[in-house]
Amino acid sequence: MTQPANFNGQAPRINPEDAVMLLIDHQSGLFNTVRDLNVRELRANAVTLAKVATLAQMPVITTASVPQGPNAPLIPEIHQAAPHAQYVARKGQINSWDNPDFVAAVKATGKKQLIIAGTITSVCMAFPAISAIAEGYQVFCVVDASGTYSKMAQEITLARVVQAGAVPMDTAAVCSEIQHTWNRPDAEEWAKAYEAVFPEYQLLIESYLKAREVEHNHEQLDSERE
(Lines give C-alpha, C1' and ligand atoms only; values in the text may rest on other atoms or scores of the structure.)
Protein backbone atom coordinates (compact mmCIF):
# COMPACT_ATOMS: atom_id res chain seq x y z
CA MET A 1 0.00 0.00 0.00
CA THR A 2 1.38 3.45 -0.85
CA GLN A 3 2.28 5.74 2.02
CA PRO A 4 1.95 9.53 1.93
CA ALA A 5 5.26 11.15 1.06
CA ASN A 6 7.63 12.49 3.71
CA PHE A 7 5.79 11.13 6.74
CA ASN A 8 8.44 8.47 7.44
CA GLY A 9 5.85 5.86 8.39
CA GLN A 10 4.16 8.18 10.89
CA ALA A 11 0.42 8.86 10.88
CA PRO A 12 -0.38 11.58 8.30
CA ARG A 13 -1.95 13.98 10.77
CA ILE A 14 -1.86 17.76 10.94
CA ASN A 15 0.39 19.18 13.63
CA PRO A 16 -0.94 22.73 14.22
CA GLU A 17 2.41 23.75 15.70
CA ASP A 18 4.24 22.78 12.51
CA ALA A 19 1.76 23.79 9.80
CA VAL A 20 1.15 26.76 7.52
CA MET A 21 -2.05 27.47 5.57
CA LEU A 22 -1.58 28.24 1.87
CA LEU A 23 -4.69 29.76 0.23
CA ILE A 24 -3.89 30.07 -3.44
CA ASP A 25 -5.76 31.96 -6.17
CA HIS A 26 -9.18 32.17 -4.53
CA GLN A 27 -10.14 34.83 -7.06
CA SER A 28 -13.59 35.92 -8.11
CA GLY A 29 -12.78 35.53 -11.81
CA LEU A 30 -11.51 31.97 -11.39
CA PHE A 31 -14.57 31.08 -9.32
CA ASN A 32 -16.60 31.56 -12.50
CA THR A 33 -14.90 28.47 -13.96
CA VAL A 34 -15.81 26.15 -11.07
CA ARG A 35 -18.25 23.35 -11.93
CA ASP A 36 -17.40 20.52 -9.51
CA LEU A 37 -18.56 22.32 -6.36
CA ASN A 38 -21.17 24.83 -5.32
CA VAL A 39 -19.31 28.16 -5.50
CA ARG A 40 -21.04 29.56 -2.42
CA GLU A 41 -19.88 26.57 -0.37
CA LEU A 42 -16.40 26.71 -1.89
CA ARG A 43 -16.11 30.36 -0.91
CA ALA A 44 -17.35 29.66 2.61
CA ASN A 45 -14.92 26.77 3.05
CA ALA A 46 -11.92 28.85 1.97
CA VAL A 47 -12.88 31.61 4.42
CA THR A 48 -13.40 29.02 7.18
CA LEU A 49 -9.83 27.80 6.70
CA ALA A 50 -8.63 31.38 7.16
CA LYS A 51 -10.72 31.75 10.33
CA VAL A 52 -9.46 28.49 11.80
CA ALA A 53 -5.85 29.33 11.01
CA THR A 54 -6.35 32.62 12.85
CA LEU A 55 -7.82 30.85 15.89
CA ALA A 56 -4.88 28.44 15.88
CA GLN A 57 -2.35 31.27 15.41
CA MET A 58 -1.18 29.45 12.29
CA PRO A 59 0.69 31.32 9.54
CA VAL A 60 -1.38 32.02 6.42
CA ILE A 61 0.11 32.81 3.02
CA THR A 62 -2.04 33.93 0.10
CA THR A 63 -1.23 34.65 -3.52
CA ALA A 64 -3.10 35.47 -6.72
CA SER A 65 -2.64 34.82 -10.42
CA VAL A 66 -2.68 38.10 -12.42
CA PRO A 67 -5.31 39.67 -10.13
CA GLN A 68 -5.39 42.84 -12.24
CA GLY A 69 -6.46 40.74 -15.24
CA PRO A 70 -9.40 38.45 -16.01
CA ASN A 71 -8.71 36.19 -13.02
CA ALA A 72 -9.77 39.14 -10.84
CA PRO A 73 -8.74 39.88 -7.23
CA LEU A 74 -8.74 37.57 -4.24
CA ILE A 75 -12.08 37.36 -2.47
CA PRO A 76 -11.75 39.93 0.35
CA GLU A 77 -13.13 37.72 3.13
CA ILE A 78 -9.93 35.68 3.34
CA HIS A 79 -7.79 38.57 4.56
CA GLN A 80 -10.67 39.83 6.67
CA ALA A 81 -10.80 36.45 8.42
CA ALA A 82 -7.00 36.23 8.65
CA PRO A 83 -5.65 39.77 9.13
CA HIS A 84 -2.20 38.32 9.79
CA ALA A 85 -2.08 36.59 6.38
CA GLN A 86 0.88 37.41 4.16
CA TYR A 87 0.10 38.13 0.52
CA VAL A 88 2.79 37.26 -2.04
CA ALA A 89 2.57 38.82 -5.49
CA ARG A 90 3.64 36.63 -8.40
CA LYS A 91 5.21 37.72 -11.66
CA GLY A 92 3.04 35.60 -13.92
CA GLN A 93 4.06 32.13 -12.69
CA ILE A 94 1.16 29.68 -12.92
CA ASN A 95 2.65 27.34 -10.32
CA SER A 96 3.05 29.48 -7.20
CA TRP A 97 5.98 27.27 -6.19
CA ASP A 98 7.86 28.60 -9.22
CA ASN A 99 7.81 32.05 -7.62
CA PRO A 100 10.92 32.51 -5.42
CA ASP A 101 9.16 35.01 -3.12
CA PHE A 102 6.35 32.56 -2.42
CA VAL A 103 8.75 29.73 -1.60
CA ALA A 104 10.83 32.09 0.55
CA ALA A 105 7.70 33.09 2.49
CA VAL A 106 6.87 29.43 3.14
CA LYS A 107 10.43 28.63 4.22
CA ALA A 108 10.51 31.67 6.51
CA THR A 109 7.70 30.16 8.62
CA GLY A 110 9.96 27.26 9.53
CA LYS A 111 7.00 24.88 9.21
CA LYS A 112 7.22 21.49 7.51
CA GLN A 113 3.51 20.84 6.96
CA LEU A 114 1.54 22.67 4.28
CA ILE A 115 -2.26 22.80 4.18
CA ILE A 116 -3.08 23.81 0.63
CA ALA A 117 -6.32 24.93 -1.01
CA GLY A 118 -6.49 26.61 -4.38
CA THR A 119 -8.63 27.45 -7.34
CA ILE A 120 -8.29 25.90 -9.84
CA THR A 121 -7.76 22.54 -8.09
CA SER A 122 -5.94 20.83 -10.96
CA VAL A 123 -3.51 23.74 -11.34
CA CYS A 124 -3.36 26.19 -8.44
CA MET A 125 -3.70 23.54 -5.72
CA ALA A 126 -2.04 20.56 -7.41
CA PHE A 127 1.07 22.17 -8.92
CA PRO A 128 2.49 23.67 -5.70
CA ALA A 129 1.44 20.60 -3.70
CA ILE A 130 3.44 18.28 -5.93
CA SER A 131 6.39 20.68 -6.03
CA ALA A 132 6.46 21.08 -2.24
CA ILE A 133 6.33 17.31 -1.69
CA ALA A 134 9.37 16.96 -3.94
CA GLU A 135 11.19 19.38 -1.63
CA GLY A 136 10.39 17.36 1.48
CA TYR A 137 7.24 19.02 2.79
CA GLN A 138 4.28 17.12 4.22
CA VAL A 139 1.24 18.25 2.26
CA PHE A 140 -2.50 18.19 2.94
CA CYS A 141 -4.80 19.16 0.05
CA VAL A 142 -8.19 20.60 1.01
CA VAL A 143 -10.47 19.46 -1.79
CA ASP A 144 -13.71 21.25 -0.93
CA ALA A 145 -11.90 24.57 -0.43
CA SER A 146 -10.56 24.26 -3.95
CA GLY A 147 -12.55 24.10 -7.18
CA THR A 148 -12.11 23.14 -10.80
CA TYR A 149 -13.95 23.08 -14.11
CA SER A 150 -15.36 19.52 -14.03
CA LYS A 151 -15.87 16.54 -11.76
CA MET A 152 -13.56 14.55 -14.00
CA ALA A 153 -10.80 17.14 -13.54
CA GLN A 154 -11.29 16.94 -9.78
CA GLU A 155 -11.02 13.14 -9.76
CA ILE A 156 -7.94 13.06 -12.01
CA THR A 157 -6.26 15.71 -9.87
CA LEU A 158 -6.97 13.79 -6.67
CA ALA A 159 -5.40 10.69 -8.19
CA ARG A 160 -2.37 12.72 -9.21
CA VAL A 161 -1.72 14.42 -5.87
CA VAL A 162 -2.29 11.20 -3.92
CA GLN A 163 0.17 9.42 -6.21
CA ALA A 164 2.67 12.19 -5.45
CA GLY A 165 2.16 11.64 -1.72
CA ALA A 166 -0.31 14.35 -0.68
CA VAL A 167 -3.09 13.71 1.84
CA PRO A 168 -6.54 14.81 0.59
CA MET A 169 -8.92 16.22 3.22
CA ASP A 170 -12.13 18.21 3.48
CA THR A 171 -12.52 21.50 5.31
CA ALA A 172 -14.36 20.11 8.34
CA ALA A 173 -11.70 17.44 8.86
CA VAL A 174 -8.92 20.03 8.64
CA CYS A 175 -10.70 22.24 11.19
CA SER A 176 -11.29 19.35 13.58
CA GLU A 177 -7.72 18.08 13.37
CA ILE A 178 -6.35 21.56 14.05
CA GLN A 179 -8.82 22.18 16.89
CA HIS A 180 -7.97 18.83 18.49
CA THR A 181 -10.28 19.19 21.50
CA TRP A 182 -13.42 20.97 22.69
CA ASN A 183 -11.81 21.27 26.11
CA ARG A 184 -10.33 24.69 25.43
CA PRO A 185 -11.27 28.23 26.51
CA ASP A 186 -12.04 29.38 22.96
CA ALA A 187 -14.31 26.42 22.14
CA GLU A 188 -17.26 28.71 21.31
CA GLU A 189 -15.18 30.55 18.71
CA TRP A 190 -14.36 27.25 17.03
CA ALA A 191 -18.03 26.30 17.05
CA LYS A 192 -18.84 29.58 15.28
CA ALA A 193 -16.22 28.82 12.63
CA TYR A 194 -18.03 25.59 11.79
CA GLU A 195 -21.25 27.44 11.00
CA ALA A 196 -20.12 28.21 7.44
CA VAL A 197 -19.21 24.57 6.76
CA PHE A 198 -22.29 23.17 8.50
CA PRO A 199 -25.03 25.85 8.47
CA GLU A 200 -27.27 23.43 10.37
CA TYR A 201 -24.68 23.29 13.14
CA GLN A 202 -25.68 26.82 14.07
CA LEU A 203 -29.04 25.42 15.19
CA LEU A 204 -27.25 23.09 17.61
CA ILE A 205 -25.18 25.97 18.92
CA GLU A 206 -28.29 28.11 19.45
CA SER A 207 -29.96 25.28 21.38
CA TYR A 208 -26.88 24.73 23.50
CA LEU A 209 -26.46 28.42 24.30
CA LYS A 210 -30.13 28.69 25.24
CA ALA A 211 -29.82 25.71 27.57
CA ARG A 212 -26.84 27.37 29.28
CA GLU A 213 -28.78 30.62 29.59
CA VAL A 214 -31.74 28.83 31.19
CA GLU A 215 -29.44 27.15 33.70
CA HIS A 216 -27.47 30.31 34.48
CA ASN A 217 -30.55 32.51 34.94
CA HIS A 218 -32.54 29.81 36.76
CA GLU A 219 -35.27 30.45 34.23
CA GLN A 220 -38.61 28.89 35.00
CA LEU A 221 -39.62 26.27 32.49
CA ASP A 222 -42.93 26.72 30.70
CA SER A 223 -43.95 23.27 31.92
CA GLU A 224 -43.59 24.50 35.53
CA ARG A 225 -45.69 27.62 35.13
CA GLU A 226 -49.06 27.80 36.93
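**Pocket and salt bridges**

Visitor: Which helices each supply at least two residues of the largest pocket's lining?
Guide: Helix H8 (187-194) and helix H9 (201-217) do. Helices are DSSP runs (H or I) of at least four residues, strands (E) of at least two, numbered from the N terminus. A pocket is an open set of points on a 1 Å grid over the protein atoms alone, where a 1.4 Å probe fits, with protein on both sides within 12 Å along at least five of seven lines. Lining residues have an atom within 4 Å of a point.

Visitor: What am I looking at?
Guide: This is a predicted model; local features need pLDDT of at least 70, side-chain atom pairs 80 or more, while totals for chains, interfaces and linings use all residues. Residues are numbered from 1 along each chain, and side-chain values use heavy atoms, without hydrogens or water.

Visitor: Which helix gives the largest share of that lining?
Guide: H9, with six residues.

Visitor: New topic. How many salt bridges are there?
Guide: Ten. Each has a side-chain nitrogen of Lys or Arg within 4 Å of a carboxyl oxygen of Asp or Glu. One joins Asp25 and Arg90 (2.9 Å, N to O). Those two sit 65 residues apart.

Visitor: Is Asp25 buried or exposed?
Guide: Buried, because its relative accessibility is 0%. Arg90 is buried too, at 12%. Buried means under 20% relative accessible area, exposed over 50%, partly exposed in between (1.4 Å probe, protein chains only).

Visitor: What does Arg43 pair with?
Guide: Glu77, at 2.7 Å between the closest N and O atoms. Arg43 lies in helix H2 and Glu77 in helix H3, so the pair ties together parts 34 residues apart in sequence.
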